[in-house]
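Visitor: I am new to this structure and would like to understand the terms used for it. Could you take me through them with care?

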Amino acid sequence: MEYFQLTHQSLLESSHPTIQRELANNIDWNKRLISIKGFRGVGKTTFLLDYLKNNPQENNSALYINLNNFYFTKRKISSFADEFVKKGGKLLLLDQIQKYPEWSVDLRKCVEDIPELKIIFTSSPVLRVSEGNPDLQGIVSIYHLEGLSFREYLNWQTGHNFKVYSFQDIIENHVGIASEITSQVKPLAYLIIT
């Protein structure tokens with residue numbers, strides 16, 4: 001446990017400022033079991049670490065773990081989670097759940113046997129987290145982390161907060177939307193062309 005706590009602390013201390021992803025505003029963080037799905041390299045690990053930085057937890061009550069660690073070839077998540085809660089843990093962030101065999105059965109066991117524990121985990125977008133998975137169907141909230149949009153990048157670079165427009169809004173009012181944006185910033189200046 002101490003090794004994982006040291007790794008967790010080291011990751012939080014060594015990370016650099018990042019782009020705050022808008023998905024964070026759309027998640028119901030009160031749910032006990034949350035899945036963040038996304039393609040490799042989209043920023044799932046950074047997303048978890050940003051959540052921890054923006055929502056500091058008291059006295060080692062939160063723990064980030066990358067399940068690509070050999071330790072979890074011999075130890076079950078449910079056993080680890082039980083020990084973690086007995087030592088004051090409340091929030092477990094599990095990265096790369098697909099690397100752990102029998103992940104859905106063990107997550108179900110955590111939800112049923114450890115009611116005071118909240119788990120947020122990341123996975124590949126092709127992993128069947130709830131659809132066709134009776135272990136987690138109806139008990140997990142699933143969110144998809146997409147690649148960084150140009151709008152998110154532009155907001156980060158300029159400090160503006162350009163909102164999301166629906167396709168219908170764009171069709172009906174594209175000239176007005178474009179005028180509003182270009183009155184504040186010149187988007188072409190932020191395109192990186194190599």
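Visitor: What is the volume of the largest pocket, and which residues lie nearest its centre?
Guide: In this predicted model, the largest pocket has a volume of about 280 Å³. Its lining is made up of 16 residues, and those nearest the centre are Phe39, Arg40, Gly41, Lys44 and Gln96. Helix H3 (residues 44-54) gives the largest share of this lining, three residues, and by class the lining holds three nonpolar, nine polar and four charged residues.

Visitor: Why is Lys37 called buried?
Guide: A residue counts as buried when its relative accessible area is under 20%, and Lys37, with a relative accessible area of 4%, is therefore called buried. Lys37 belongs to strand E1 (residues 33-37), and the residues it touches, beyond those up to four places away in sequence, include Lys44, Ser123, Glu131 and Tyr143.

Visitor: How do you know that the side chain of Lys37 has a polar contact with Pro125?
Guide: A polar atom of the Lys37 side chain lies 3.3 Å from the backbone oxygen of Pro125, and this pair falls within the limit of 3.5 Å, so the two atoms make a polar contact.

Visitor: What puts the buried residues of helix H5 on the same side?
Guide: The buried residues of helix H5 (residues 103-113) are Trp103, Ser104, Asp106, Leu107, Cys110 and Val111. Because they cover an arc of only 165 degrees around the axis, they are on the same side of H5. These buried residues pack against E1, helix H4 (77-86), strand E3 (91-95) and strand E4 (118-123).

Note on methods. Residues numbered from 1 in each chain as written. Predicted model: local features only at pLDDT ≥ 70, side-chain atom pairs only at ≥ 80, totals over all residues. Heavy atoms only, no water. Helix = DSSP H or I, 4+ residues; strand = E, 2+ residues; numbered from the N terminus. Buried < 20%, exposed > 50% of the residue type's maximum accessible area, 1.4 Å probe, protein only. Polar contact = N/O pair within 3.5 Å; in protein donor to acceptor, adjacent residues only side chain to side chain. Contact = heavy atoms within 4.5 Å. Arc of directions from axis to C-beta. 1 Å grid on protein atoms, 1.4 Å probe; cavity = no way out; pocket = protein on both sides within 12 Å on 5 of 7 lines; lining within 4 Å. Points joined across faces, edges and corners; volume = space filled by probe spheres on them. Nonpolar A, V, L, I, M, F, W, Y, C, P; charged D, E, K, R; others polar.
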